[in-house]
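Open the model in your viewer and keep the selection tool ready. We will go stop by stop.

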Amino acid sequence: MRITTNQLRFITATLICQLLLAGAVQAQWTEKKEKPTAHIALKYGSITPKNRQDKAMKDFRAYGLGQFIHWGIYAIPGNEWEGVSARKGAAASEWIRAWRGPTAPKDWTTTYDNLYKQFNPVAFKASKWASQAKQMGAKYMIFTTKHHDGFALWPTKYSSYNISATPYKKDIVKEVVDAYTAEGIDVFLYFSILEWNNPDYLNKAPETPAEKEKFNTFLTYTKNQLLELLKNYPQIKGFWFDGTWDKSWISASEFTYNLEKELREVHPGLIIGSRFRNDEFGKRHFDSNGELLGDYEQGWERKLPGDYTWLNGNDWDAVMTIPPNGWGYMKDWSGVYIKTTEDILAMLMQSVSMNGNFVLNFGPDGLGNMHPGEDLLAKEIGDWMKTNSEAVYGVRHADLPETKLGYYTEKEEYLYLTVFNRPINNIARIAIPKKATQVPVEAQILGQVQSLQITHADIGLDLDKNTYYDIKIPASFNPSKPFVLKIKREQAVTKTDKLMDAKM
Ligand code: FHN
């Protein structure tokens, strides 16, 4: 069949638009976002003030470390089936229902959609998970109520595909919310909008009257489930929405705008991230005026900002898998990179150094056990946090020249330097702008009692805007993990000599 010139032009234009859109989406997370210069009137733009100052958001800002848990029917296969790995056929372990290609088992989708009949996590104890998260130092957790497969881990009235239809029967969401709340860990509920197996769900924007009626039914179902979750679990602090990228949801900007308002009215103080909805022009995360849609930037998934300025002062969190990808249980961790404790601590400190929270994902197996590798990481992170959490909780970005030794955080008069790259001469040199009013006067290593020697090293580099303070790390101090210098700052009394400018 010959393609006409016009058809070729249309295909080319479509491909170019898709590449440009993909580039625009990429750019949102790989460089500083410039706000649009022209301001336009929006019907469905941002409705929340930037940097809310109510208690819920102040608590969010102070969390530092969180735990994500992806759990559901996908935990039963654990990214494989009858000895065959799904790695080459499914995008991620929790996407295993969508397993296709030569490795996919025969009639796989039907098999998957019947797995709920065997979901009976006899080893599940929410209190054990919550205690582990407490020991790890998590201050909040995000739990999957329903992922893209539509299976609800609570006994929803709006779908029969839920936990009450399984041998386990009990309300897992309630067990998790109650157990974590009892440990003092705030709970956020993950909720996937898209549902692969819902007959009323559409990927594309509804066009025909029949499609519009169907998708409106789906929208009502979605709203009912969200209001049901708020009613059943009033202790929760927020929703972590996902699966909001299809054109169907994007086309429903009036509905989602009104739904966000209703959810916030029903649950004052509710925290909703930027992934929930878009404005009437389809702009997601940030509306057409560059304003954040929601209370915090929710796009840092398996990525971290390269610089503090990329955040434009917005609140944010980063969610991270332990394997390269794969949020649901993966039985086999061999053959892929598994993040080390040091990797995770570096990502944690990079996040909090830029006013973000870092959320580590766990994917329990079909019986309710964490992966042994997750247990080990939780223990090692917790051991580190026991000594160093003062540099993580309730801290803010320190506006100082970048250090190559690790990450700065600050809290009141204290500056924290979490050292990942120990200097060969055991001198931690801190650059302080000459115009600064607060300078280092005392220092110690968290977990150690010894005061460290501080020397003002006014090096006298020509045209240098900074002066320097050298903190001596004892040669006898040889930890196996990163360590934190806690540095007290006071009103500057040391004078910086004014030298003749170099003549060139
Ligand atoms: O498609 C989901 C994926 O399965 C996982 O839930 C992550 C983490 O929230 N979010 C989407 C991928 O970006």
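Strands here are DSSP runs (E, at least two residues) and helices are DSSP runs (H or I, at least four residues), both numbered from the N terminus. Two strands pair if DSSP finds at least two bridges between them.

This is a predicted model: local features need pLDDT of at least 70, side-chain atom pairs count only at pLDDT 80 or more, and totals for chains, interfaces and linings use all residues. Residues are numbered from 1 along each chain as its sequence is written, and side-chain values use heavy atoms, with hydrogens and water left out.

**Stop 1: the sheet.** Select the strands. Eight of them, 8 strands in an open sheet, run in the order β7-β6-β5-β4-β1-β10-β9-β8, with parallel pairing. Find the edges: β7 (271-272) and β8 (297-301) each pair on one side only. Now zoom in on β4 (residues 140-146) and β5 (residues 186-192). These parallel strands are joined by 6 bridges. Pick Lys146: Phe191 in β5 stands opposite.

**Stop 2: a salt bridge.** A salt bridge is a side-chain nitrogen of Lys or Arg within 4 Å of a carboxyl oxygen of Asp or Glu. The rule counts 27 of them. Show Asp315 and Arg61, whose closest N and O atoms are 2.7 Å apart. Asp315 sits in the loop between β8 and β9 (316-320) and Arg61 in helix α2 (residues 55-62), so this pair ties together parts 254 residues apart in sequence.

**Stop 3: two domains.** Colour domain 1 (9-14 + 44-391) and domain 2 (406-493). These bounds come from an automatic or database domain assignment. How far apart are the C-alpha centres of domain 1 and domain 2? They lie 39 Å apart.

**Stop 4: where the domains meet.** Contact means heavy atoms within 4.5 Å. By that test, 14 residues of domain 1 touch 14 residues of domain 2. Together the domains bury about 1200 Å², 63% of it on carbon and sulfur atoms. Buried area is the accessible area (1.4 Å probe) that two parts lose on being put together, summed over both. Select Trp384, Glu390 and Ala391: in domain 1 they lose the most area to domain 2, together 40% of what that side buries.

**Stop 5: charges across the interface.** The rule finds 2 salt bridges between domain 1 and domain 2. Show Glu390 again, with Lys486: they form a salt bridge, the closest N and O atoms being 2.7 Å apart. Finish on the helices. Both α9 (341-352) and α10 (372-388) supply at least two residues of the domain 1 side that touches domain 2. The largest share, 7 residues, comes from α9.
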